Amino acid sequence: VCAALNVTVSPGPVVDYLEGENATLLCHVSQKRRKDSLLAVRWFFARSSNSQEVLMVKMTKLRVVQYYGNFSRSANRQRLRLLEEQRGVLYRLSVLTLQPSDQGNYVCKVQEISKHRNKWTAWSNGSSATEMRGVSSHPAERGTFLGISLLIPPHSFPFTTDMVSFLQSS
């Protein structure tokens, strides 16, 4: 029976980027594991929270990186990087030159594996996710990820067009 493995993805739970930027997502495994165990790290992608997750890239227990589906195509494979930053602890997924189609949910799933009676056995599993959004180069849409929101209290107060133009120019 597999136990839970403590996995965290950062930044999250939501991160905003602009089209053309490079995104870095970190998958952190922060739980003591069995002696001599190895980790298999897989990154999945889903366009929205209710769409099917697809496997993008995997680092096998022997630290070999494999690409899957559309992500194995040359152009997509060149934009993805999966590196082990700190052995058995920190894994970095880079998505280079972001495109609007990169917007969605990224899930890191980790499995702890070791040899038991001459057979590879999974001992524990863990996963964590983040949502990447705001991947757009349209100037009108850029204001949506400046983190500015305007809260109108239930009591009305004078709100002039000068305030609106000031807020738009800020």
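1. On a 1 Å grid over the protein atoms alone, a pocket is an open set of points where a 1.4 Å probe fits, with protein on both sides within 12 Å along at least five of seven lines, and its volume is the space filled by probe spheres set on those points. By this definition the largest pocket holds about 250 Å³ of space. Of its 16 lining residues (those with an atom within 4 Å of a point), Arg 47, Phe 71, Asn 76, Ser 101 and Asp 102 are the closest to the centre. Strand 5 (38-46) and strand 6 (54-59) are the elements that each give two or more residues to this lining.

2. This is a predicted model, in which local features need pLDDT of at least 70 and side-chain atom pairs pLDDT 80 or more, whereas totals for chains, interfaces and linings use all residues. Residues are numbered from 1 along each chain, and side-chain values use heavy atoms, with hydrogens and water left out.

3. The hairpin of strand 6 and strand 7 has 5 residues between the strands, and in it Arg 63 takes a positive phi near 70°.

4. For the protein of 170 residues, 32% count as buried, that is, under 20% relative accessible area with a 1.4 Å probe, protein chains only.

Definitions and conventions
Buried < 20%, exposed > 50% of the residue type's maximum accessible area, 1.4 Å probe, protein only. Helix = DSSP H or I, 4+ residues; strand = E, 2+ residues; numbered from the N terminus. Pairing = 2+ DSSP bridges.
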